[in-house]
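Look at the sequence and the structure before reading the points below.

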Amino acid sequence: MLNVPALTAVLSPASPIAHVEVLNPDIDPGELSDKRAVLDILVRFANGTNVDVEMQVRPHHSLEERLVFYWARVFSAQLGSGDSHAALKPVIGVYFLDFIRLPTQRLHSTFHINEDHEGYPLTDALELHFLELPRFAKLPLPSGAAALSDGDPTDELVYWCKFLCAESEHDLEALAMANQDMSAAKQALDLLSADPIARRLAENRIVWDWAYRTDMAHEREEGRQEGLNEGEK
């Protein structure tokens with residue numbers, strides 16, 4: 001289960017998330033444990049930026065090329081016949097991998113299109129994030145349950161990635177005690193795992209409503225912070 005707070009921990013977006021769409025919502029419950037199953041989610045920020053989110057549980061041949069191809073598909077799908085290229089918005093790819101793929105020790109790897117020698121960006125149209133969950137599984141929880149309330153993006157990212165790769169009910173329960181968002185994610189996950197009817201109810205009555213309320217809370221907090229900044233000035 002991926003949610004708005006988890007994606008916010010990955011991207012720290014300057015613009016709030018305005019829309020979340022599961023592109024393949026009809027995964028059969030019997031396929032949830034299938035290594036071939038892929039969860040594909042399209043997220044849209046209020047500024048028009050699109051985010052393609054995928055969760056991969058098994059390495060594939062030419063994985064990197066395939067993910068770039070999927071990025072290109074989302075990028076090109078923005079234009080209709082006769083539309084101007086100036087209307088194209090950036091597309092961000094976020095890939096949670098349940099295996100080690102990259103030759104790095106980083107928990108969170110980010111890729112852009114930059115000039116080889118001086119490093120300046122050619123365009124902000126492409127941004128790819130790779131999070132290899134086995135690297136997070138080995139980490140201890142940062143500073144106990146209070147870490148999430150402290151608002152440290154790195155700590156939040158560790159919590160959510162450990163939630164995604166949790167292997168036992170005990171681990172999920174421990175993470176669910178961290179804060180209300182994670183507890184809600186645990187409840188939604190329980191419903192999604194129960195049966196097809198509960199899964200539909202979870203999607204329609206919990207996940208989207210929860211994502212909307214979380215978005216509104218983030219926007220209110222941003223407004224409050226802007227007011228405080230203006231007051232200080």
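Contact here means that heavy atoms lie within 4.5 Å. The model is predicted. In soluble globular proteins, nonpolar side chains tend to be buried together.

**Overall build**
- The chain contains eight helices and six strands.
- Read from the N terminus, the order of its elements is α-β-β-β-α-β-β-β-α-α-α-α-α-α.
- Of the 233 residues, 39% count as buried.
- The chain exposes about 13400 Å², and carbon and sulfur atoms supply 54% of that area.
- Among contacts between residues at least 6 apart in sequence, 56% join residues at least 24 apart.

**The largest nonpolar core**
- This core has 32 residues.
- The residues with the most contacts inside the core are Leu11, Val51, Val53, Val94, Phe96 and Leu131.
- Two or more residues each come from helix 1 (4–11), strand 2 (39–45), strand 3 (50–56), strand 4 (91–97), helix 3 (133–137), helix 5 (153–164), helix 6 (169–176) and helix 7 (180–194).
- Helix 5 gives the largest share of the core, seven residues.

**Valine 94 and its contacts**
- Neighbours within four places in sequence are left aside for Val94.
- Val94 is then in contact with Leu7, Val10, Leu11, Val51, Asp52, Val53, Glu54, His129 and Leu131.

**Another core**

Conventions:
Residues are numbered from 1 along each chain as its sequence is written. This is a predicted model: local features need pLDDT of at least 70, side-chain atom pairs count only at pLDDT 80 or more; totals for chains, interfaces and linings use all residues. Side-chain values use heavy atoms; hydrogens and water are left out. A nonpolar core is a set of buried Ala, Val, Leu, Ile, Met, Phe, Trp, Tyr and Cys residues joined through side-chain atoms within 4.5 Å. Buried means under 20% relative accessible area, exposed over 50%, partly exposed in between (1.4 Å probe, protein chains only). Helices (H or I, at least four residues) and strands (E, at least two) are DSSP runs, numbered from the N terminus. Accessible areas come from the Shrake-Rupley method with a 1.4 Å probe; for residues, only the protein chains shown count as cover.
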